[in-house]
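Morning, everyone. I have one model to walk through today. Please have the sequence and the structure up as I talk.

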Amino acid sequence: MEDHLTLLPKPIKREKRAPKPLKRSRPRKQRKTTVAKLRRMLWERFRNYVKDRDGRICFTCDSGPLEGSNCHAGHLVNSTKASVRYAPFNVYVQCYRCNVSMRGNIAEYAYRYIQRFGKEQFDRLMLQSREHKTWTAHELEALIAAATKSAADYEMFYAEKYWL
């Protein structure tokens, strides 16, 4: 008895075609850096600047020197307020306990801020925080460039451009 598979005709093999080359009428555009990416880049440079400026000593409880995940750049006015998110006068080093566990330890933060810088500076920061601000890519790039140069350049540039 013959095998019934041998009676079937063999399939015809087709030749493989080479893939068609892509036809581009113009070269691809380079992707622009997104505002979100620029904000992350600026925050990385800014928080390192704050940690170096303050000597890694917690502003609210004086513990330190802080290292690794215990060293935070904490805001007096919440970072959701874009107008003062990158203000050097709003951000100081805090330990994990003060910044995360105690949610910023705001009462002590405000008390020490007023003791160190005065009521006028505190009021100015509060007034600035009420301003509505949407950061543009151009502004973020300028701040990144200033932060990359030096801490003094960043503070001076920020004060001239964005501080009331």
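Some ground rules. This is a predicted model, where local features need pLDDT of at least 70 and side-chain atom pairs count only at pLDDT 80 or more, while totals for chains, interfaces and linings use all residues. Residues are numbered from 1 along each chain as its sequence is written, and side-chain values use heavy atoms, with hydrogens and water left out.

Start with the core. In soluble globular proteins, nonpolar side chains tend to be buried together. Here, the largest nonpolar core has 38 residues. By nonpolar core I mean buried Ala, Val, Leu, Ile, Met, Phe, Trp, Tyr and Cys residues joined through side-chain atoms within 4.5 Å. Buried is under 20% relative accessible area, exposed is over 50%, and partly exposed is in between, with a 1.4 Å probe and protein chains only. Which members touch the most others? They are Leu76, Tyr86, Tyr113, Leu125, Trp135, Tyr154 and Tyr158. H1 (35-53), S1, S2, H3 (106-117), H4 (119-129), H5 and H6 each supply at least two residues of this core. Those labels are DSSP runs numbered from the N terminus: helices are H or I with at least four residues, strands are E with at least two.

Look at Tyr154. Beyond residues up to four places away in sequence, Tyr154 touches Leu42, Phe46, Tyr49, Tyr86, Pro88, Leu143, Ala146 and Ala147. Touching, or contact, means heavy atoms within 4.5 Å.

Now the helix pairs. H5 (residues 137-149) and H6 (residues 151-162) pack at about 150°, axes 7 Å apart. Axes are lines fitted to C-alpha atoms, for helices over the stretch in contact, and angles run from 0 to 180 degrees between N-to-C directions. H5 and H6 are therefore roughly antiparallel. The cut-offs: under 35 degrees is roughly parallel, over 145 roughly antiparallel, 65 to 115 roughly perpendicular, and the rest oblique. On the H5 side, the contact includes Leu143, Ala146 and Ala147; on the H6 side, it includes Tyr154, Phe157 and Tyr158. Its residues divide into eight nonpolar, no polar and three charged. In that count, Ala, Val, Leu, Ile, Met, Phe, Trp, Tyr, Cys and Pro are nonpolar, Asp, Glu, Lys and Arg are charged, and the others, Gly among them, are polar.

Next pair. The axes of H3 and H4 come within 7 Å and cross at roughly 125°. That makes H3 oblique to H4. Ala110, Tyr113, Ile114 and Phe117 of H3 meet Lys119, Gln121, Phe122 and Leu125 of H4.

Now the single residues. Gln94 is in strand S2 (residues 91-95). Buried or exposed? Gln94 counts as buried, at 0% relative accessibility. Its side chain makes a polar contact with the side chain of Thr60, at 3.4 Å. A polar contact is a pair of N or O atoms within 3.5 Å; within protein, one must be able to donate a hydrogen and the other to accept it, and residues adjacent in sequence count only if both atoms are side-chain atoms.

Asn90 is in the loop between S1 (71-75) and S2. Asn90 also counts as buried, at 0% relative accessibility. A polar atom of its side chain lies 3.0 Å from the backbone oxygen of Val84.

Last, Arg124, in helix H4. At 33% relative accessibility, Arg124 counts as partly exposed. Leaving aside neighbours within four places in sequence, Arg124 is in contact with Trp163 and Leu164. Arg124 and Trp163 are 39 residues apart along the chain, with C-alpha atoms separated by 9.0 Å.
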